[in-house]
Amino acid sequence: MYSSIIRSQRFIKSFSSMSSTQSRFIVALSNVISFKPENKLVFLFSFSHEGEDSSSLVPNLEMVIPSVSFSLYSSCESLHGIVALKTQGGLILCNPSTEQAITVPPCLVSLFGYDPIDDQHKVVFGRSLSPHHELPGEHKVLTLGGGQGWRRIQVDFDYTVESPKEVCINGFVYFSAYSPTKPMNPCIVCFDVRSEKISYIKATRGCGLLAWDS
């Protein structure tokens with residue numbers, strides 16, 4: 001009975017609304033200098049003010065994630081209470097409030113987004129649709145907490161991932177890519193978290209690396 005209460009959507013939303021009124025943010029730190037994979041750790045710290053009139057912050061250790069290896073393309077971002085770590089071993093999604101973490105295996109397309117309308121986090125797992133790959137392109141979507149498992153979605157155009165880093169803005173996830181055929185024109189691929197549709201925006205020919213700033 002207690003488990004059903006604290007896992008109910010009503011309780012979660014009430015907890016989030018109370019937490020949002022407090023000054024709190026999370027910082028991820030890693031001991032990447034360790035040469036042994038089992039010794040590489042990621043520490044998630046939250047910081048809060050000592051008092052209403054205090055400007056100093058007090059760190060609190062939320063959770064520790066073991067065996068995490070970073071690379072040049074690794075990143076860390078937070079979307080509505082869920083921390084996403086992109087590592088060499090795949091995408092790790094962490095909930096500091098419950099100290100739970102899940103890992104999505106590494107792939108060419110690994111996206112994480114949040115839909116503010118339906119209040120849902122979703123993960124996209126797939127391969128870029130390119131004739132240069134022997135395996136056919138395939139994309140799957142997972143809704144966190146939905147209990148439906150992975151679902152396949154249709155993608156009607158080809159692209160090759162340029163940068164594995166993405167940004168989520170108002171329920172849409174954007175990342176940079178190229179058309180797989182010459183002249184390899186750049187484009188911006190967009191994933192609608194709510195409708196689970198993937199589309200693209202053509203960029204001007206000759207554009208270079210697309211950079212994001214959220």
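**Note on salt bridges and nonpolar cores**

1. A search of the whole structure finds 4 salt bridges, a salt bridge being a side-chain nitrogen of Lys or Arg within 4 Å of a carboxyl oxygen of Asp or Glu. This is a predicted model, in which local features need pLDDT of at least 70 and side-chain atom pairs count only at pLDDT 80 or more, while totals for chains, interfaces and linings use all residues. Residues are numbered from 1 along each chain as its sequence is written, and side-chain values use heavy atoms, with hydrogens and water left out.

2. One of the salt bridges joins the side chains of glutamate 166 and lysine 86, at 2.7 Å from N to O. Glutamate 166 belongs to strand S12 (residues 160–169) and lysine 86 to strand S5 (residues 82–87), so the pair ties together parts that are 80 residues apart in sequence. Strands here are DSSP runs (E, at least two residues), numbered from the N terminus.

3. Are the two partners buried or exposed? Glutamate 166 counts as buried at 12% relative accessibility, and lysine 86 is buried as well, with a relative accessible area of 13%. Buried means under 20% relative accessible area, exposed over 50%, and partly exposed in between (1.4 Å probe, protein chains only).

4. Glutamate 196 and lysine 122 also meet in a salt bridge through their side chains, at 2.9 Å from N to O. This pair links distant parts of the chain, 74 residues apart: glutamate 196 sits in the loop between strand S14 (186–192) and strand S15 (197–202), and lysine 122 in strand S9 (residues 120–126). Both glutamate 196 and lysine 122 are buried.

5. Glutamate 196 has a further partner in arginine 151, with a salt bridge of 2.1 Å from N to O between the side chains. Arginine 151 lies in strand S11 (residues 151–153), and the two residues are 45 apart in the chain. Arginine 151 is partly exposed, with a relative accessible area of 22%, whereas glutamate 196 is buried at 16%. Through shared partners, salt bridges join Lys122, Arg151 and Glu196 into one network.

6. The largest nonpolar core has 26 residues, and those with the most contacts inside it are Phe112, Tyr159, Val189 and Phe191. A nonpolar core is a set of buried Ala, Val, Leu, Ile, Met, Phe, Trp, Tyr and Cys residues joined through side-chain atoms within 4.5 Å. Elements giving two or more residues to this core include S5, strand S8 (109–115), S9 and S14. S8 provides the largest share, 4 residues.

7. A second, separate core has 9 residues, among them Leu44, Val68, Ile92 and Cys94.
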